[in-house]
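Please consult the sequence and the three-dimensional view alongside the text.

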Amino acid sequence: MSAAVIDLTALASSIKDWGRELGFQQVGISGLALGEHEQHLQRWLDAGYHGEMDYMGAHGSKRWRPDELVPGTLRVVSVRMDYLPGDTRMAERLADPNAAYISRYALGRDYHKLVRKRLQQLAERITAVIGAFGYRAFVDSAPVLEKAIAEQAGLGWIGKNTLVLNRKAGSYFFLGELFVDLPLPTDPPQASEHCGKCTACLDICPTQAFVGPYQLDARRCISYLTIEYKGSIPEDLRPLIGNRVFGCDDCQLVCPWNRFARPTAERDFSPRHGLDNAELAALFRWDEQEFLAQTEGSPLRRAGYERWLRNLAVGLGNAPTTIAAVEALNARRDHPSALVREHVEWALGRHGQCITP
């Protein structure tokens, strides 16, 4: 069926209905002009705020020009899917220095495959109605300015903490995109941001990673340091990381808009293996085989076992001095990895070896 005989307005409405049936909480349609986001990205890169994430500067203009990334693209269908499990006691876990705090998005199964599968199913629904068409589905799998696209598609606005915020849903959601070669009617972009004078997210950041509103220096961000960064965590930042061993939710936890966040109905996003209640010392005792078994299909695999131990060593260094903490650290004192050994020695130094296992 040619675009000339397709009722594009009706199709766009159906795409949104199908998307909701597939578990997306919201679906919007964006054009390809991403406005000032190109300049914002370039300024961010020029300042070096991306740290070791060199991929953020790769691929040139393909990142902000969807039709260069996928020739023939005319529109982007942008979707969001809530991920927050029920009551995960975020503030309570952060306040317990013996607890291992894992970002709420990473407690369940890896979202990439789930969201991508649903996008594929959405494309198949479209195909069943109009016949074959050109499309590509992306979920953090290509140089895509997903937050800019979501904003253009009316899913929310990019807040001062650089995350997409939605007045009815806060920010605890994943994004995905379906690039299509259909000239669908677009949705109006978010008319304005609604952060107002609030600076709660900027003020709460443990490492003061925000250099200003809408500007994040990833090199100081706990999510970057515990997930993306491969090296030795700067010593001046280690005490500030506290018990956060994979990611950080602080700037979301204090955002007033997240009082509207709703628990997800997706069972795959429910906490697995008790990771929402795990203790630092217990996780530090995992050998690599146990780590691989307990994190199968989990976002935690992104850090890898070596960095997992690095992060936990920092957490144990910030924990109260207990027999359990010192015994766990001493057990890794001769670990084959120099990176792990360095962080273990730092952590033991924090305890002054005042307990002899």
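Leu163 is placed in the loop that runs between strand 5 (157–158) and strand 6 (164–165); helices (H or I, at least four residues) and strands (E, at least two) are DSSP runs, numbered from the N terminus. With a relative accessible area of 26%, Leu163 is partly exposed, where buried means under 20% relative accessible area, exposed over 50%, and partly exposed in between (1.4 Å probe, protein chains only). Leu163 and Phe179 are 16 residues apart along the chain, and their C-alpha atoms are separated by 22 Å.

Phe133 occupies the loop between helix 5 and strand 4 (135–138). Its relative accessibility is 12%, so Phe133 counts as buried. Phe133 and Val180 are 47 residues apart in sequence, yet the C-alpha to C-alpha separation is 7.6 Å.

## Basis of the model

This is a predicted model, in which local features need pLDDT of at least 70 and side-chain atom pairs count only at pLDDT 80 or more, while totals for chains, interfaces and linings use all residues. Residues are numbered from 1 along each chain as its sequence is written, and side-chain values use heavy atoms, with hydrogens and water left out.

## Salt bridges

Side chains of opposite charge can pair when their charged atoms come close. The structure holds 14 salt bridges, each defined as a side-chain nitrogen of Lys or Arg within 4 Å of a carboxyl oxygen of Asp or Glu. One of them joins Lys16 to Asp187, with the closest N and O atoms 2.6 Å apart. Lys16 lies in helix 1 (residues 8–21) and Asp187 in the loop between strand 7 (173–180) and helix 7 (200–204), so this pair ties together parts that are 171 residues apart in sequence. Both Lys16 and Asp187 are buried.

Helix 1 also contains Arg20 and Asp17, which are three residues apart and therefore separated by about one helical turn. Arg20 and Asp17 form a salt bridge whose closest N and O atoms are 2.7 Å apart. Arg20 counts as partly exposed at 44% relative accessibility, and Asp17 likewise counts as partly exposed at 35%.

A further salt bridge links Asp268 with Arg109, the closest N and O atoms being 3.8 Å apart. Asp268 is in the loop between helix 10 and helix 11 (280–284), and Arg109 is in the loop between strand 3 (101–102) and helix 5 (111–130), so the pair ties together parts that are 159 residues apart in sequence. Asp268 is partly exposed, at a relative accessible area of 33%, and Arg109 is partly exposed at 38%.

## Packing of helices 14 and 15

Helix 14 (residues 323–330) packs against helix 15 (residues 338–351) at an angle of about 150°, with their axes 10 Å apart. Helix 14 is therefore roughly antiparallel to helix 15. Axes are lines fitted to C-alpha atoms, for helices over the stretch in contact, and angles run from 0 to 180 degrees between N-to-C directions; those under 35 degrees count as roughly parallel, over 145 as roughly antiparallel, 65 to 115 as roughly perpendicular and the rest as oblique.

Helix 14 passes helix 15 in a left-handed crossing, meaning that the near helix is turned anticlockwise from the far one by less than a right angle.

## Nonpolar surface patch

Ile204, Leu253 and Val254 form a nonpolar patch on the surface, and together they have about 190 Å² of accessible area. Patches are made of residues with over 30% relative accessible area and no salt bridge, like charges being joined within 9 Å and nonpolar side chains (Val, Leu, Ile, Met, Phe, Trp, Tyr) within 5 Å; accessible areas come from the Shrake-Rupley method with a 1.4 Å probe, and for residues only the protein chains shown count as cover. Leu253 belongs to helix 10 (residues 250–253) and is partly exposed, with a relative accessible area of 32%.
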